[in-house]
Amino acid sequence: YGQFFEGATVVECDVCDVEALTKTLADISAENNGIESIISCLASRSGIKKDAYAIDYQATLNCLDAGRESSVNARHFVL
């Protein structure tokens with residue numbers, strides 16, 4: 001699948017840490033003249049209530065909120 005991601009950069013960040021996530025997205029936005037889209041494919045591993053809330057809900061909300069920050073200003077959010 002490498003040909004589909006040519007030129008891509010892998011960035012790791014803790015989506016449960018909204019401050020680190022916002023900083024990471026702000027840095028990416030500043031380096032690339034903005035962020036067009038954030039595409040969330042997050043899913044909890046076990047599906048139990050605690051994991052589902054932490055990842056399926058809260059971490060996804062963190063990504064949305066970080067993308068809406070003025071330092072990031074992502075144009076689209078896809079769930």
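Among contacts in the protein chain between residues at least 6 apart in sequence, what share joins residues at least 24 apart? The share is 58%. Contact here means heavy atoms within 4.5 Å. The structure is a predicted model, in which local features need pLDDT of at least 70 and side-chain atom pairs count only at pLDDT 80 or more, while totals for chains, interfaces and linings use all residues. Residues are numbered from 1 along each chain as its sequence is written, and side-chain values use heavy atoms, with hydrogens and water left out.

The protein chain has two helices and two strands. Their order along the sequence is α-β-α-β. Helices (H or I, at least four residues) and strands (E, at least two) are DSSP runs, numbered from the N terminus. Helix H1 spans residues 18-31. Strand E1 covers 37-39, helix H2 covers 49-68 and strand E2 covers 76-78. Along the principal axes, the C-alpha atoms fill a box of roughly 40 × 35 × 20 Å.

Of the 79 residues in the protein chain, 23% are buried. Buried means under 20% relative accessible area, exposed means over 50%, and partly exposed lies in between (1.4 Å probe, protein chains only). The accessible surface of the protein chain comes to about 6,100 Å². Carbon and sulfur atoms account for 53% of that surface. Accessible areas come from the Shrake-Rupley method with a 1.4 Å probe; for residues, only the protein chains shown count as cover.

The protein chain carries 6 positive and 12 negative charges. Their mean positions are 7 Å apart. Lys and Arg count as positive and Asp and Glu as negative, whereas His and the chain ends are not counted. Each charge is placed at NZ of Lys, CZ of Arg, CG of Asp or CD of Glu.

Side chains of opposite charge can pair when their charged atoms come close. The structure holds two salt bridges. A salt bridge is a side-chain nitrogen of Lys or Arg within 4 Å of a carboxyl oxygen of Asp or Glu. One joins the side chains of lysine 23 and aspartate 27, at 2.9 Å from N to O. Both residues lie in helix H1, four residues apart, about one turn of the helix. Lysine 23 is exposed, at 53% relative accessible area. Aspartate 27 is partly exposed, at 33%.

The other salt bridge joins the side chains of glutamate 36 and arginine 75, at 3.7 Å from N to O. Glutamate 36 lies in the loop between H1 and strand E1, and arginine 75 in the loop between helix H2 and strand E2, so the pair ties together parts that are 39 residues apart in sequence. Glutamate 36 is partly exposed, with a relative accessible area of 45%. Arginine 75 is exposed, with a relative accessible area of 52%.

Threonine 22 also sits in helix H1. Is threonine 22 buried or exposed? Threonine 22 counts as buried because its relative accessibility is 16%. A polar atom of its side chain lies 2.8 Å from the backbone oxygen of valine 18. Beyond neighbours within four places in sequence, threonine 22 is in contact with Ala66, Glu69, Ser71 and Val72.

Two asparagines have positive phi values. Phi of asparagine 33 is near 60°, in a residue other than glycine. Asparagine 33 is in the loop between H1 and E1. At 73% relative accessibility, asparagine 33 counts as exposed. Phi of asparagine 73 is near 50°, again a positive value in a residue other than glycine. Asparagine 73 belongs to the loop between H2 and E2.

Which residues does phenylalanine 77 contact, leaving aside neighbours within four places in sequence? They are Ile38, Ser40, Thr60, Cys63 and Leu64. Phenylalanine 77 is in strand E2 and is partly exposed, at 28% relative accessible area. Glycine 47 is 30 residues from phenylalanine 77 in sequence and 23 Å away in space, C-alpha to C-alpha.

Serine 40, one of the contacts of phenylalanine 77, is found in the loop between E1 and H2. Serine 40 is buried, with a relative accessible area of 9%. Its contacts, leaving aside neighbours within four places in sequence, are Thr60, Phe77, Val78 and Leu79.

Methods: Polar contact = N/O pair within 3.5 Å; in protein donor to acceptor, adjacent residues only side chain to side chain.
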